[in-house]
Amino acid sequence: MKGRDFLFIFLCLNVFPCFGQYFSAHYIAPAPWQYWHNACEFIVATDSDSLVTVDVRKSDGTFIVTLTASAGSPAVYRPVGIFRDFPRHPLNTVLDGAGIQFKGEREFSVNIRNVASDQLGTDVYIKGNASLTGLGDPGVGVSFRLGYYRDGPLPSEPPVYSVMALQDSTELKINGVGVARLNSGQSYLFRDRIGTLVETSKPCVMNTGAFLDAPGGCGDGTFDQIPPVSVLGKRYFVVRTQGNWISEQSTLVTTEDLTKVWIKKFNSSGTYLNTDSLILQKAGDFFTFSNGDGAVAFSVAEIISDKRIAVFTGSAQSCEVDVSTSFPVSSPCNGSNFIETTRFKAYNQADLPYFCYVLLEDPNAPVDFNGMPLETRAGARRQIGASGMYIFTFNSSQLGNPQVISLSSPVRLHISIIQIGGGFSMSATFSNLIEQPVLKEPIYVKNGPCPVSSAILSVQTSIRDIQWFYNGAPIPGAVDRSFVATRSGLYHVRGFIPCGDFSESVPVAVLLDSIPKGVQMVKSCEYYQWEDSVYLQSGTYTRLLQTTDGCDSLAVLELEINTSTSFVQFESHCEKYTWPINGNTYRSSGIYLDTLMNHRGCDSVVSLNLTIHPSPITVQQEAGCESFYWKLNGQTLTQGGLYYDTLISHLGCDSILMLDLSIYHRVIETSAIKACQSYTWPVNDKSYLQSGIYRDTLISHLGCDSILVLDLEIFQPDRQDVYVQACQSYNWSVNGMSYDKTGIYSALFQNEHGCDSVVQLNLTILNSSASTTQIAVCDPYTWSVNGIKYNTSGIFHYIMPNHLGCDSVLTLDLTILPHYFARDTQRSCGSFTWSVNGVDYTHSGDYRVRLQTRFGCDSILDLHLRIDPEYHITDTISALNHYYWPVTRLFYDQEGIYTHYAQSSDGCDSVRVLILEIRKRGEVYIPNAFTPNGDGVNDRFVVYSSPEIKMISRLQIYDRWGELVFEQKDFPPNVDLYGWDGNFRDQPANPAVFACTVEWVDTEGDLHILAGDATLIR
């Protein structure tokens, strides 16, 4: 870097702060698919009344197109490639030129759409239906948290994330692990879990998305930008739209440990429902929840946290889905005063429907749509509970689906425009992340021919309460508007911005030259001499020298002084000793020597003075009944075997005693006996009258005790008296006999222990009763005896206990007299006369007439009537070029009034009238070759058009290096004089293929850009 005397410009995207998503440059990381085909659409808009020119290039600098826009006239551009020629981007690979850069001389916004549909081809080529809005300066950062609108596993493929570098030698880390080094414009696509931390050594931009997401059967590709951590907020609003419950979800991602979150739910009318609260333990933890109340369109969820979070939202129509980054509303600097874009178009240029919701914190501030009050066309705003926020909701049909969509207000708006229907779903948030201080380009301080060692950084004067940061850490005392950087690295500034909040700037990379330095590393024993000095201690020593150019040069000595060592080791061991110094094993006493190199590289002499002692062994044999007490160690042993104990001899070595032990165990036999009244035990001929445990002891053949145990249970006979009262008869379960007379009865049985027992039954027999009631009624009858309602005639019985507790049978003899109900169903065109009552009915409905039978019971006649309408409908249509009338299924090319007579689906007369106006847009054509050879035929490259086009706005022709060789503005078509004659700089151009663009405005006022190639032939 020696001799550098230029200004190093990093990233000054805005000279003056602006509102909304309007910046003089937008950097867009790759989508999962490629951008360079006609299934993609770029929309550039501006709030400037004068034309703003925007240069569009691939991220590697390859020129694509130049677009011009002004307020009310956004520029729309589709690349000319066919999507089948552009396969998916590969993952985990460094890509060149996969992203886009938009640059202009003034501020503008960017909306990128993928207008692919399911009919374009298989998912191998492309799966789109997605929309992205450029974040501009706030989208640039060095720290990001990955996110998607819901957690997996997804039905088809997991999310894809992309990162694009804005400077050379950018290190990419994922969860702290380096994965790639990117140069300016290079990108990297990968998959990882939601919440993963992505860090870059220099500023980058990121996207989230998916190759294919199928939440309801069909599927879409999705994409949107990921904002860096520095611009996230603590308050968000999520609105449920019209998709299924899978796609209508949002996921919040934390950026710090122990983050508290509250999710408040409101219904579609704005009424508060409930609050969910949670604590997420770690940075990168995430939580997925349903949008709004989880069921109804335009219900709302408010998310509040105590630390910064990111929120990613899904929106859909049926199974079509897109992901959108939610913008915070936690700062007075969030939101837009003005946004603009164009209506949504399908791949075939057909109009697509959309809806929109607008959030604002003001009950009365005006909001305009294309210059007209929004409330007069979309209805009044609704308050969202006690949140202080209000919401508008409307759709394209309410607003007439104009070509340009503009929303403006004196207060800041938070806007989402979501395209739905027609097999498409594209969502985009048109709002603003917090505005940022703008760092001026660094000015590098130069000192003659010597290396640049410092740079001056500054921020605009409107920023106050300033704090400078170096590599993310605050610089003590750096609080002035300017700061002198003396170290290479990333610098940014934090300050209070005019809109009323603190904000951080986009980081600036400062690269300084270092003073030439020579480093000498030396290790020495005892001392070291460098130049004219002797050093006895380790350390780093420097000498400031000068080069032949008179610039500073630094000589560095990194010195380590080591010393020699010696010591004697005394050891006393039994049997043997292995010396760790040399690994040798010694079995006899002696003095042994070894010389080593110590860890500092100097001599180390070691002496071993060793004494070896032997160890004796003694054996003891013993036997015992049940156990043996070994006096040697005071242990009681219960198992036979060999036991060892070690004593210390007078020399300090082991003295081993071995016990050879035999243990004999007593024999115990137990007999379990059950008996009635008494039992005589044969072992000792004793008789026992009580239950209990009895023992007797014998001597075994080994001389140890043998114990006999009697476990005895004595049972007694039983006697029972049973007293029973029964109705009519009684069946005695003891002997199985049935008795119908009062008396005393006895039976013998064995009790549960097998002993004889007697049971005596004392029986009393009681009697039952009966009665009958006769009833005749018109209506259903409820019997007061049992509370049951009877709807039919019959004889019914009910049993209840009498005063003796026996059955009393009550009988109901019931007659239900008949009444009648008849239902007549009729259908007629226009009107109907009912013959029952002669009444003429003109409206559908249910009608009833009441009569009586000869018994005085009701007779009811019902009429269920449907009146089908007769139709006369007029369609007034204004169409471009031609109109297809679905009524006749015919195309009409001429204006006029057309009438169609038919019957409705209900069989009634139907007349349909079409009043048709045909408008012509006009077409423009360019040749693919011309021959400027002076023969009067095809000598100029001329723009041709149909009669409707009266003026061409601009013709531009470029050579293959992107240099403009010819330009013509505001000229009539079909005139040779205004065409290119094939000369460049007054010299005939060589035969070649030239790129050309033609801009014109059709009769509808829409701007068109036609791009193509033209071959010059001589």
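Colleague: What does Cys829 count as by its relative accessibility: buried, partly exposed or exposed?

Modeller: Cys829 has 33% relative accessibility and counts as partly exposed. Buried means under 20% relative accessible area, exposed means over 50%, and partly exposed is what lies in between (1.4 Å probe, protein chains only). Bear in mind that this is a predicted model, in which local features need pLDDT of at least 70 and side-chain atom pairs count only at pLDDT 80 or more, while totals for chains, interfaces and linings use all residues. Residues are numbered from 1 along each chain as its sequence is written, and side-chain values use heavy atoms, with hydrogens and water left out.

Colleague: How do you know that Cys829 and Cys908 form a disulfide?

Modeller: The sulfur atoms of Cys829 and Cys908 are 2.1 Å apart, and a disulfide is a pair of cysteine sulfur atoms within 2.5 Å, so the pair qualifies. The rule gives a count of five disulfides.

Colleague: Why is the disulfide of Cys829 and Cys908 called left-handed?

Modeller: Because the torsion about its S-S bond is about -90°. Cys829 sits in strand E70 and Cys908 in the loop between strand E78 (896-903) and strand E79 (909-919), so this link joins distant parts of the chain, 79 residues apart. Strands (E, at least two residues) and helices (H or I, at least four) are DSSP runs numbered from the N terminus. Cys908 has a relative accessible area of 1%, so it is buried.

Colleague: What makes Cys727 and Cys806 a disulfide?

Modeller: Their S to S distance is 1.8 Å, which is within the 2.5 Å limit. The link is left-handed, with -90° about the S-S bond. Cys727 lies in strand E60 (residues 719-727) and Cys806 in the loop between strand E68 (794-801) and strand E69 (807-816), so the pair ties together parts that are 79 residues apart in sequence. At 29%, Cys727 counts as partly exposed; Cys806, at 0%, counts as buried.

Colleague: Which cysteine is joined to Cys778 by a disulfide?

Modeller: Cys857, with S to S 2.0 Å. That link is left-handed too, with -80° about the S-S bond. Cys778 is in the loop between strand E65 (769-777) and strand E66 (781-783), and Cys857 is in the loop between E73 and E74, 79 residues apart. Cys857 has a relative accessible area of 2%, so it is buried.

Colleague: Why do E70 and E73 count as edge strands?

Modeller: The open sheet has three strands in the order E70-E74-E73, with mixed pairing. E70 (820-829) and E73 (845-852) each have a single partner strand, so one side of each is left without a neighbour in the sheet. Neighbouring strands of this sheet are turned by 15° against each other on average, direction ignored.

Colleague: How do you know that E73 and E74 pair?

Modeller: Two strands pair if DSSP finds at least two bridges between them. Eight bridges join E73 to E74 (residues 858-868), and the two run antiparallel. Asp846, for instance, has His864 in E74 as its bridge partner.

Colleague: What makes you say that strand E30 is largely enclosed by the rest of the structure?

Modeller: Of the 18 residues of E30 (residues 404-421), 15 are buried, hence the wording. E30 pairs with E24 in the antiparallel sense over six bridges, and Phe338 has Ser408 in E30 as its bridge partner. E25 and E30 also pair in the antiparallel sense, over six bridges, with Phe355 opposite Ile418. Seven bridges join E30 to strand E31 (residues 424-430), again antiparallel. Strand E26 (residues 368-369) has two antiparallel bridges to E30, which meets the requirement of at least two.

Colleague: Why is Asp970 called exposed?

Modeller: Its relative accessible area is 57%, and exposed means over 50%. Gln349, at 43%, is partly exposed.

Terms used
Axes fitted to C-alpha atoms, helices over the stretch in contact; angles between N-to-C directions.
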